[in-house]
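Q: Could you walk me through this one while I have it open? I'd like to go over how the chains meet and then look at a few places inside them.

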Number of protein chains: 2
Amino acid sequence: MMLRSIHWRKNCLIIIDQTKLPQKLTYLCLSNVREVVEAIKKMRIRGAPALAGAASFGLYLGIRYSKAKNYLEFKKELDSVSHFIGSARPTAVNLFWALKRMQNKAEENREKPIGKIKEILLQEAKKILEEDRLVCRKLAKFGSKLIKNNDRILTICNAGILATVDYGTALGVLYEAKKQKKSFKVFACETRPLLHGARLTNWELKQNKIDVTLICDSMAGFLMQKNMIDKVLVGADRIALNGDTANKIGTYNLAVLAHHHRIPFYVVAPLSSFDPKIKEGRFIPIEERAPCEVTHLFFKRPIAPKGIKVFNPAFDVTPQRLITAFVTEKGIILPPFKENIKKFLNES
Amino acid sequence: MMLRSIHWRKNCLIIIDQTKLPQKLTYLCLSNVREVVEAIKKMRIRGAPALAGAASFGLYLGIRYSKAKNYLEFKKELDSVSHFIGSARPTAVNLFWALKRMQNKAEENREKPIGKIKEILLQEAKKILEEDRLVCRKLAKFGSKLIKNNDRILTICNAGILATVDYGTALGVLYEAKKQKKSFKVFACETRPLLHGARLTNWELKQNKIDVTLICDSMAGFLMQKNMIDKVLVGADRIALNGDTANKIGTYNLAVLAHHHRIPFYVVAPLSSFDPKIKEGRFIPIEERAPCEVTHLFFKRPIAPKGIKVFNPAFDVTPQRLITAFVTEKGIILPPFKENIKKFLNES
């Protein structure tokens with residue numbers, strides 16, 4: 001598992017350009033906040049936990065050459081850079097969680113010289129990355145208990161190495177299960193419109209020698225009906241306090257289908273994906289993206305008539321009653337979710 | 001509605017090459033049975049009722065230069081050509097229905113000179129086309145009663161002009177409703193892998209000035225959850241005697257989602273789509289198509305890593321309990337389906 005979707009080297013944020021996969025494994029060196037925001041918007045880097053890392057370093061890059069003479073001036077710049085990064089994508093809460101954490105860190109150290117605060121923020125960003133690595137390992141350990149020999153697992157989008165710092169959430173569970181010598185098969189939904197399942201999940205599972213089969217999103221019901229799926233594992237972009245879960249568009253389809261076929265449906269996510277400000281899923285902002293993602297494959301060849309109307313929500317919300325359990329770095333959260341999520345968050 | 005997906009002119013079968021849409025409206029002139037079979041296999045022509053037309057003319061083209069000296073010799077050729085055409089695609093029953101009808105017609109006229117039988121078969125093929133036109137008009141009349149003002153209708157694949165001779169099944173209902181000055185909106189699932197929704201349904205609805213919005217297949221649940229869909233209308237490739245319905249892959253997903261959201265789910269199909277030999281859906285043969293349909297868009301640019309495993313069933317079966325009603329040329333079939341389908345078929 002030498003692949004790192006995001007790391008810091010020589011004063012630059014190095015990321016894999018995920019829009020180029022699986023054709024090319026290209027690294028980008030981002031040296032200022034505009035480049036970071038562009039990379040987030042264009043989904044060169046994506047996945048809720050990876051976005052937390054990108055946002056933290058983005059914030060540091062945005063203030064590292066600050067000429068602020070006092071904390072108030074500095075704070076103003078910090079807020080403005082933070083707002084700029086926050087505007088890149090609205091749904092994944094980890095991005096906002098990381099920005100808030102960085103801002104709090106600055107606040108705690110407001111008495112220190114600006115140069116020192118900058119240094120502290122860089123360390124904090126590095127800590128956020130390092131913590132994500134550990135959190136994913138812990139998630140994976142807890143989640144791997146759910147995987148049985150000969151399981152056939154369905155997943156959507158990419159909740160793997162490429163969505164985190166290096167191990168993944170839903171796919172991290174599978175890497176851990178493989179390490180434990182369990183044998184299982186994965187079915188990966190291609191995940192239209194941007195094909196993160198086809199392009200990214202297949203690529204990283206294949207690299208890690210996990211048995212994976214690609215299907216179109218529309219085939220999930222067929223597989224469940226034919227008794228070809230034992231459980232569904234997905235990541236999350238934001239989880240409300242009652243357990244309602246925003247994740248890549250198509251996740252809700254799978255949850256309804258799994259419910260209909262009595263197949264367990266697990267959400268694997270760090271506690272930083274739970275939003276303490278959001279009580280229910282209907283309050284989660286859902287990003288709508290450009291029609292050309294649907295009408296033009298890779299923004300090139302058109303697949304629909306010119307000028308056609310398109311609706312392109314990037315996420316959907318799965319209501320908590322369709323979720324079997326949450327896998328977090330502190331353990332598995334079972335229903336009743338409202339009560340149990342509260343306990344987990346208060347303990348952390 | 002001047003568009004004709006399939007017609008006979010100057011001893012040739014003229015079809016629209018549907019693989020070229022929406023970029024180009026190209027007509028192909030098929031003058032022998034090999035060309036017809038190639039066009040069916042490659043889905044240059046598709047849609048259960050249109051396949052009936054293609055199969056009938058294909059059969060005629062296959063025997064028109066026959067040098068058979070007697071009916072037995074001729075019959076042998078007829079069987080062999082029929083088998084050749086039948087091998088092109090296994091699921092849509094209308095293709096087999098048409099072949100059987102043509103063979104029966106030959107049998108009825110076995111005493112006549114071979115030249116005369118050939119002539120009769122050509123007339124029968126023309127009759128099959130003409131009947132499909134009338135059947136679609138009747139379907140549309142019955143189905144249009146289901147469409148209310150301000151309805152928001154979801155459909156998958158293409159059950160329109162391009163899938164029939166010229167009016168469509170599910171989309172024919174919409175053309176008729178529009179003629180009756182009803183106002184409604186359509187959401188078209190793009191229908192992976194071959195994008196028959198994005199490419200064909202959007203194209204023909206737009207041409208006919210029907211308000212249509214394109215979505216990815218994975219977005220259907222989101223729309224239903226947000227109360228944006230009032231009913232689902234789909235076509236069919238083969239219907240069992242109990243009402244279980246094979247249709248384009250992804251239809252079953254929609255049926256489960258519609259059921260979960262208590263949204264009516266209608267199948268619009270001619271009686272020739274009901275297979276009197278198939279009691280239940282599990283006996284319907286499901287075509288599996290080549291992996292490259294999923295991994296390579298338009299068989300060109302790869303969207304998945306090289307050598308990835310793919311599962312590509314072209315159809316799924318929706319169990320009858322998820323279907324609200326069938327719209328046929330003899331009227332609307334309501335539950336209990338087993339009893340009522342029997343009545344409709346016996347009357348016809």
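This is a predicted model: local features need pLDDT of at least 70, side-chain atom pairs count only at pLDDT 80 or more; totals for chains, interfaces and linings use all residues.

Q: How many residues of chain B are in contact with chain A?

A: On the chain B side there are 61 residues in contact with chain A, and they touch 61 residues of chain A. The area buried between the two chains is about 5,000 Å², and carbon and sulfur atoms give 64% of that.

Q: Which residues of chain B lose the most area to chain A?

A: Those are B:S218, B:F222 and B:F311, which together make up 13% of what the chain B side buries.

Q: And how many salt bridges are there between chain B and chain A?

A: The count is four salt bridges, and one that can be named joins the side chains of B:D211 and A:K309, with 2.7 Å from N to O. Counting polar contacts between the two chains gives 22 residue pairs, both residues being at pLDDT 80 or more.

Q: Which elements of chain B give two or more residues to that side?

A: The list includes the helices α7 (196–207), α8 (220–225) and α9 (251–260), along with strands such as β6 (212–215) and β14 (315–318). The largest share, six residues, comes from α9(B). By class, the side of chain B that touches chain A has 34 nonpolar, 14 polar and 13 charged residues.

Q: Changing topic, where is A:L78, and is it buried or exposed?

A: A:L78 sits in helix α3 of chain A, which covers residues 71–86, and it counts as buried because its relative accessible area is 0%, where buried means under 20%.

Q: What is A:L78 in contact with, leaving aside its neighbours within four places in sequence?

A: Its contacts are A:L59, A:I63, A:Q103, A:A106 and A:L121. As for A:G62, its C-alpha is 7.8 Å from that of A:L78, although the two residues are 16 apart in sequence.

Q: What about B:R101, buried or exposed?

A: B:R101, in helix α4 (residues 93–108) of chain B, is buried, with a relative accessible area of 18%. Its side chain makes a polar contact of 2.8 Å with the side chain of B:E124, and beyond its sequence neighbours within four places B:R101 is also in contact with B:K127, B:I128 and B:E131.

Q: Last one: how many residues of α2(B) are buried?

A: In α2(B), 15 of the 16 residues are buried, so the helix is mostly covered. This helix, residues 48–63 of chain B, reaches 23 Å from its first C-alpha to its last, close to the 22 Å expected at 1.5 Å a residue.

Conventions. Residues are numbered from 1 along each chain as its sequence is written. Chains are lettered from A and ligands numbered from 1 in the order in which they are written. Side-chain values use heavy atoms; hydrogens and water are left out. Helices (H or I, at least four residues) and strands (E, at least two) are DSSP runs, numbered from the N terminus. Buried means under 20% relative accessible area, exposed over 50%, partly exposed in between (1.4 Å probe, protein chains only). Contact means heavy atoms within 4.5 Å. The expected span of a helix is 1.5 Å times one less than its number of residues. Buried area is the accessible area (1.4 Å probe) that two parts lose on being put together, summed over both. A polar contact is a pair of N or O atoms within 3.5 Å; within protein, one must be able to donate a hydrogen and the other to accept it, and residues adjacent in sequence count only if both atoms are side-chain atoms. Ala, Val, Leu, Ile, Met, Phe, Trp, Tyr, Cys and Pro count as nonpolar, Asp, Glu, Lys and Arg as charged, and the others, Gly among them, as polar.
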